[in-house]
Amino acid sequence: MPTGVSRAVQKNGTVYYRSGITYRNKHISLGSFPAEKDAACAYLEAQAILTSPDIDLVGIIDRRRQLSFEKAVILLNFRDNGLYFKNPIYLRRGYFSYFLNADTELKFDIDDLFYYSSHKIQRRQGHLFVSDYGMQYSILSRYGIRPYAVCGRDYFFSNGDVTDYRYANIVVVNRFHGVHKIMSKGIPRYRTVIHINGNHNIGTYAAEEKAAVAYNKAADLAKAAGITKNFPENYVDAFSPKEYAELYTSLKISRRYLAYLDEVRRQSG
């Protein structure tokens, strides 16, 4: 049997081959392969990466045949930085890269290293998420960006690089659901909009937090009118419970929206 290769058998009797390598007293699994020669090839590729300082992140693309790109990045980081991560992370000066594949490199602050070293990033329909305790969470949630937020409207990347997730590069414009920042004579204002068979303007407010509470109030009024839509709730921690209740009670809501709810009641009654 070639070095680093072992034979294994599945429950149904199918034979396959495991490949592994030991480096700095750590045994590293390289994967399972249907043929012995493939497993042996993966071992030789891993050995070349770990012992050849001229092989870098660009070089591993051409030096692989059987070894996955993800595993190659892991080995390269272990060789260069002395830290083994189970995810395709490569440490840089002051930040780290997380490789989704050979063409997609995400950049994060070192503060996030512990989290992403134990949480695998996945991509589905253009959205990036991790699984945590059986649930899927968008990586944008770590920046206070709500689900279904729109890039360029609710948040944007300061340097224009949509793969750069360092905190200084992400600017959150609209933190709350249904709240949009607008400029009026050079002064920022916050417009609240709720969607019920189309958009309804609730009002425009001087503070973002007030606009968020106005959305909650508009959603509660819609439910009281018999509208069964599952409205998201804005969590506003800028106020104490007493302050929140006082603001909630005093906030003015668009008369047109209130008239619309009255019409909904009449039609359903």
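## Loops and helix contacts in a predicted model

Alanine 102 is partly exposed, because its relative accessible area of 35% falls between the limits for buried (under 20% relative accessible area) and exposed (over 50%), as judged with a 1.4 Å probe on protein chains only. The structure is a predicted model, in which local features need pLDDT of at least 70 and side-chain atom pairs count only at pLDDT 80 or more, while totals for chains, interfaces and linings use all residues. Residues are numbered from 1 along each chain as its sequence is written, and side-chain values use heavy atoms, with hydrogens and water left out.

Alanine 102 sits in the loop between β5 (95-101) and β6 (104-109). Here and below, helices (H or I, at least four residues) and strands (E, at least two) are DSSP runs, numbered from the N terminus. Leucine 57 is 45 residues away from alanine 102 in sequence, yet the two C-alpha atoms are 9.0 Å apart in space. With neighbours within four places in sequence set aside, alanine 102 is in contact (heavy atoms within 4.5 Å) with Ile61 and Phe69.

Arginine 24 has a phi near 50 degrees, a positive value in a residue other than glycine. This arginine 24 belongs to the loop between β2 (15-23) and β3 (26-33), and its relative accessible area of 46% makes it partly exposed. Lysine 185, also not a glycine, has a positive phi of about 55 degrees. The loop that holds lysine 185 lies between β12 (179-184) and β13, and with a relative accessible area of 85% lysine 185 is exposed.

The next topic is helix packing. Two packed helices are described by the angle between their axes and the distance between the axes. Axes are lines fitted to C-alpha atoms, for helices over the stretch in contact, and angles run from 0 to 180 degrees between N-to-C directions. Helix α1 (residues 36-51) and helix α3 (residues 69-81) cross at roughly 30 degrees, and their axes come within 9 Å. α1 is therefore roughly parallel to α3, on a scale where angles under 35 degrees count as roughly parallel, over 145 as roughly antiparallel, 65 to 115 as roughly perpendicular and the rest as oblique. The crossing of α1 and α3 is right-handed; a crossing has this hand if the near helix is turned clockwise from the far one by less than a right angle, and is left-handed if anticlockwise. On the α1 side the contact is made by Ala46, Ile49 and Leu50, and on the α3 side by Ala72, Leu75, Leu76 and Arg79. Six of these residues are nonpolar, none is polar and one is charged. In this scheme Ala, Val, Leu, Ile, Met, Phe, Trp, Tyr, Cys and Pro count as nonpolar, Asp, Glu, Lys and Arg as charged, and the others, Gly among them, as polar.

The side chain of arginine 79 reaches the backbone oxygen of serine 52 at 2.8 Å.

A polar contact of 2.7 Å joins its side chain to that of asparagine 81. Such a contact is a pair of N or O atoms within 3.5 Å; within protein, one must be able to donate a hydrogen and the other to accept it, and residues adjacent in sequence count only if both atoms are side-chain atoms. The asparagine 77 side chain also reaches the backbone oxygen of leucine 83 at 2.9 Å. Tyrosine 90 is 13 residues from asparagine 77 in sequence and 5.1 Å away, C-alpha to C-alpha.
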